[in-house]
Amino acid sequence: MFVRRLPKFDYHTPASLPEALKLLSAHGKDAKLLAGGTDLILAMKQHTVAPGHLINLKTIPGLSGIKADAKGLTIGALTTMAEIEGSTIIKETYTPLWDAACVMASPQVRTLATIGGNLVSAVPSADTAPPLMVLSAQAHITGPAGERTCPVEALFAGPSACSIAPGDVVTRITIPLPAGKGAYLKLMRRAALDLALVGVAAYVNLDAKNVCTDVKIALGAVAPTPIRATAAEAALLGKVLTEETAAQVGKVAGTECRPITDVRASQEYRCSMVEVLTKRALLQAMNRAAQGGKK
Amino acid sequence: MAEYEVVGKPVERTDGRVKATGKARYAGDLVAPGMLHGKILRSPHAHAKILNIDTSKASKLPGVMAVITGKDFPGIPFGTRPDTRDQIPMPITKVHHFGEGVAAVAAIDEDTADAALDLITVEYEELPVVLTAEDALAPGAPLVNEFCKSNVAYTSDFVFGDPEEGFKQSDYIKEETFSSQRVAVGFIEPHACLAEVDATGRVLLQGSKQSPYPTWRHMCRALDLPLSKMRLVTPFVGGAFSGKHDPFDVDFAAVKLAQITNRPVKIVLNYDEVLAAYRQRNAMNATLKMGLKKNGKIMALKAECVLEGGPIAGIGPFNIYFFGAWLNLPYKVPAIEYHGKLVYSNRAPCGTVRGQEIVLAQYAVDSMIGIVAEDLGIDQVEIRAINAATDNWTTANGIVIDVSGLPECIEKSAQTIGWKESRKARPKGRGIGFSCASHPSGVRLGGHFGSSVLLKLQEDGKVILTHGGTEIGQGCNTVFCQMAAEVLGIPFEDVIQGPSDSDTAILDSGMFSDRCTFWDGNATIAAANDLKRQLAEIAAQELKVDPKELEFKKGNIYIKSNPEKGMNLLKAVRIAYYDLGTPLYGRGYWAATDIDLVDWKTGRGNLAHGIDFIATAIEMDVDRETGQVRLIRAAHGDDAGQPIHPVMLEGQVNGGSAHMTGHALMEDSLYDEKGRMLNFSWRDYKQPTALDVPEYIVDHVHTHDPYGPFGAKGAGEASSCSSLAAIANGVYDAVGVRIKDLPITAEKILAELKKKEGK
Amino acid sequence: MIPLTLTVNGVTYTINVEPNRTLVDVLRDVLGLTGTKKSCNEGECGACTVLMDDKPVASCLVLAVDADKKSITTIEGLAMGEDLHPLQVAFVRNGGIQCGYCTPGMIMSAKALLDHNPDPTPLQVRTALVGNLCRCTGYQQIVDSVIAAAKAMRK
């Protein structure tokens with residue numbers, strides 16, 4: 001019911017990823033990986049999880065950092081949200097992710113919270129998910145079976161259920177260099193420091209006549225997992241993006257979400273806000289494209 | 001306008017430095033040798049019989065020194081009034097609300113105490129839950145409080161003037177219903193205390209308590225201790241806002257565990273416990289009927305109010321009376337009829353919160369003013385100016401207003417916010433909302449309600465000031481030092497704040513109702529004058545004049561008619577100590593016995609001096625697509641008499657307004673149908689952050705109260721009372737939507753907007 | 001027990017702690033630095049804000065062992081003997097302090113801001129302080145204090 005004292009656990013500081021994987025394998029479900037700790041430590045205080053073993057990933061070199069090249073961006077899973085907020089390349093080129101970093105929690109939580117942790121928590125309102133989805137980001141996973149890649153959305157199996165196996169570690173996120181511009185908008189109960197009631201990320205690539213040659217729209221907090229608004233995307237692809245079409249596309253997006261009513265907001269309000277935020281995110285993406293110049 | 005040396009100047013707060021450096025100690029920072037740590041086990045049910053509590057396994061856990069339950073206390077109920085003694089330290093026969101403490105553990109460390117909680121088994125038999133006022137008043141409703149045979153804890157009814165005639169004479173009559181939600185108090189420091197018992201059985205309690213006096217009286221009663229067997233020393237308190245007057249299970253459990261183990265026991269709560277189980281503001285439902293002339297002059301007011309206050313009466317009897325009493329201000333209401341009921345329920349126990357019941361009453365009245373002004377086609381500022389209380393006005397129920405700066409407050413806030421300009425043109429979705437309010441500078445209730453101050457003038461010329469209240473952040477310590485320095489004519493730095501210790505200070509009734517500047521301030525002046533008399537006698541001997549000829553300024557005592565002839569104040573002090581062997585103590589008290597004791601039955605009484613006034617104008621944008629409200633600027637025209645410390649005064653005005661921004665827009669203590677709280681975490685109980693509040697601008701309206709110290713009035717609570725309606729009225733001005741049930745959420749605004757647009 | 005090397009306010013401590021102790025508890029209970037406050041224990045109020053390697057963190061969510069070899073600055077580390085840090089001076093003078101409970105965390109967040117942005121606008125100040133709840137002041141005089149401190153520090 002209430003916040004309690006942290007339960008006892010064994011603490012491990014592996015020096016390498018293989019060492020971490022060995023520890024995970026040895027302890028199975030009784031082990032949890034420690035990244036930023038902002039979700040895990042709280043869950044342990046609430047006694048909803050009580051792992052006998054905590055494996056600190058931050059002692060392993062090479063799991064954090066932002067590397068950009070001609071092909072795209074690689075972000076280490078342990079890169080903090082504060083580092084993402086402070087990154088010029090992310091702000092200028094991978095803007096929806098920067099938007100998410102700016103509106104996530106508070107400065108003192110962003111210093112700790114990691115992008116990997118945000119995804120692996122698998123909460124439907126995870127702020128980094130919709131931006132990464134519209135940017136076609138891939139998650140890189142290492143486990144006993146070796147390395148594999150999957151789209152970021154595949155990490156989300158259900159509310160707080162991550163699809164990776166207990167022995168797996170997400171090591172990095174890669175994002176292909178985007179040709180267009182995007183935005184992430186987050187609806188909260190106050191101006192800041194809140195979970196998303198609704199989160200919408202939009203990405204568009206527009207030609208010289210503002211015709212949409214590529215569009216991705218992702219919605220957070222309005223379904224058991226973050227989802228792509230594929231019908232809304234189809235409604236915009238090949239059309240001119242204007243205030244009017246943005247509004248129409250918003251309406252379509254509003255029919256694709258399946259939110260719940262809870263203490264934070266009602267289902268009806270969330271659907272209405274998907275409509276509004278989709279429209280606004282598309283228009284903001286369009287403005288950013290206009291400011292940034294076209295290829 | 002008088003010019004002072006220290007009063008009215010922005011001197012450095014006496015506690016500023018210790019707080020800025022992290023050296024200020026709060027209850028949770030205190031340690032004692034051999035100290036044990038306590039934790040409390042809480043009820044998961046809102047209403048249930050306690051069939052059995054088995055603490056045996058917990059007691060056997062290594063490191064656990066004692067486990068107690070309600071049965072470990074004498075069973076003597078206590079309460080705010082003799083006729084409302086309906087509380088016991090911890091429940092015995094049944095639990096009354098979600099999170100109520102049912103057992104407490106003391107152990108050698110926090111981890112052990114925490115683990116012991118899981119080893120206590122409680123057998124409950126769930127009882128039907130009384131959640132709302134409606135539930136409480138339904139025929140055959142289950143009884144909530146075992147000490148009361150009804151769910152109606154208290155009532156207040158009165159009629160003053162001739163309301164029937166007033167309504168007959170009215171050109172326009174409007175009736176509206178308003179409601180307000182359960183909210184937490186929201187101070188940042190959670191409840192905490194350290195209790196010890198000495199070898200004679202004397203208890204020392206160091207706790208985060210706002211008003212040591214009620215804590216002391218209630219605790220001694222419920223623990224069956226003579227008053228002399230309990231000493232309270234209060235450390236710094238991290239905010240209180242009337243949420244920390246009463247003793248709680250935290251305090252009782254710490255004392256009882258200390259008595260049983262013979263070791264100091266410290267209990268520090270986590271904030272989620274505070275949100276779940278401790279003081280909230282009572283929920284309100286009120287119907288108002290207002291009659292006015294077509295020029296906007298109020299002719300009559302009829303009000304019915306139900307307050308739902310949780311399972312104890314607490315300060316509720318005063319709340320239900322005060323709601324009605326204060327409908328008589330800040331506007332002139334010639335005739336009024338009021339009926340109020342306070343009911344019990346199985347939600348968290350209520351006390352009162354910053355601004356007290358006036359917050360809720362004013363929300364209703366000023367929303368109503370906003371509505372009728374619109375209906376009558378009268379300007380929002382004008383209608384308030386027409387009805388504003390003025391100097392030397394007596395309300396229908398007998399409250400005397402000596403000085404009212406309200407007309408000027410209204411003018412200033414309207415000017416600062418740019419009201420006239422906004423009527424000519426403003427952006428779509430932009431609105432300005434007004435409200436006025438007033439607040440007494442401490443009401444006189446029954447029993448021990450005086451304030452007293454002791455000044456010890458040391459042989460080095462420094463004064464140590466002790467008073468019976470507490471520094472909860474409002475700056476009272478600083479203000480009293482300013483006043484003492486001013487009267488004695490010595491530098492502010494020479495007056496030092498002494499400890500808040502019940503052994504050396506006469507405890508006053510408490511830090512609430514805006515009383516401390518006024519009551520303790522007057523006591524400070526009396527104490528300083530007492531010292532002055534003693535020093536003047538000594539100086540008169542030296543200077544060979546009549547003591548009445550002497551003036552005290554800039555560290556000197558000199559002859560008024562011949563300022564060249566004088567002596568250093570320090571010299572007079574040294575004569576006292578070294579030549580005469582006389583210590584110098586100044587004693588002063590102030591009890592306002594000239595004002596009436598409130599007559600609870602008739603509601604009549606001039607219950608307070610120093611009515612302070614405020615006019616608040618808040619500018620905001622409302623997003624028509626999302627319903628979200630963004631507050632831009634708030635202009636407060638504030639009459640607190642003579643500002644004693646202008647910077648701290650502004651802080652009081654800003655703070656109250658910001659606090660109620662949360663109440664207006666985003667705070668709501670939510671319960672499920674079984675009375676279990678749903679959002680007892682700051683994750684889901686949203687208080688305003690720095691980005692949620694507007695820029696605050698305070699215009700002082702400088703008046704002089706004839707009874708106030710240096711002409712000052714209380715300042716801490718007026719803006720809390722004016723901000724709810726200002727926000728509600730602003731939303732209406734922005735998008736034409738009137739929300740009458742708080743909080744005004746984006747969802748509610750959007751739903752109303754859609755209704756208006758026919759969607 | 002795990003050995004831990006913690007540099008706090010310039011002083012290096014080598015201590016043994018259980019892994020399940022949070023940084024805020026070690027600072028307060030083991031090192032006696034009670035200036036950093038506890039309230040929600042969930043990272044929602046900012047009362048426990050300290051600087052870890054010069055960045056603001058919610059110390060109630062950091063395991064003490066996870067702060068090994070890091071440099072921590074708490075409110076006690078700002079003043080130089082009797083001389084207060086300009087932020088502390090500004091808070092005292094401009095009404096930035098009332099009950100004082102949010103003050104240590106608030107000042108640490110403000111320091112992190114000014115270290116990185118020496119000339120912030122009021123909006124930037126509010127944004128930087130969004131994780132520090134205050135119930136007393138209404139934030140206005142806190143913002144004024146930070147702006148005043150920034151001005152003093154730029155001289």
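## Salt bridges

Searching the whole structure turns up 71 salt bridges over all chains; the term stands for a side-chain nitrogen of Lys or Arg within 4 Å of a carboxyl oxygen of Asp or Glu. Bear in mind that this is a predicted model, where local features need pLDDT of at least 70, side-chain atom pairs count only at pLDDT 80 or more, and totals for chains, interfaces and linings use all residues. Residues are numbered from 1 along each chain as its sequence is written, chains are lettered from A and ligands numbered from 1 in the order in which they are written, and side-chain values use heavy atoms, with hydrogens and water left out.

| Pair | N to O distance |
|---|---|
| A:Arg189 and A:Asp194 | 2.8 Å |
| A:Glu233 and A:Arg228 | 2.7 Å |
| A:Arg280 and B:Glu625 | 2.7 Å |

How about burial? A:Arg189 and A:Asp194 are both buried (under 20% relative accessible area; exposed is over 50%, and partly exposed lies in between, with a 1.4 Å probe and protein chains only).

The salt bridge between A:Arg280 and B:Glu625 crosses between chains: A:Arg280 sits in helix H11 (residues 267–292) of chain A, and B:Glu625 in the loop between strand E29 (612–622) and strand E30 (629–639) of chain B. Helices (H or I, at least four residues) and strands (E, at least two) are DSSP runs, numbered from the N terminus. A:Arg280 is partly exposed at 26% relative accessible area, and B:Glu625 is partly exposed at 30%.

Finally, a network of salt bridges links A:Arg5, B:Lys39, B:Glu110, B:Asp111, C:Asp25 and C:Lys38.
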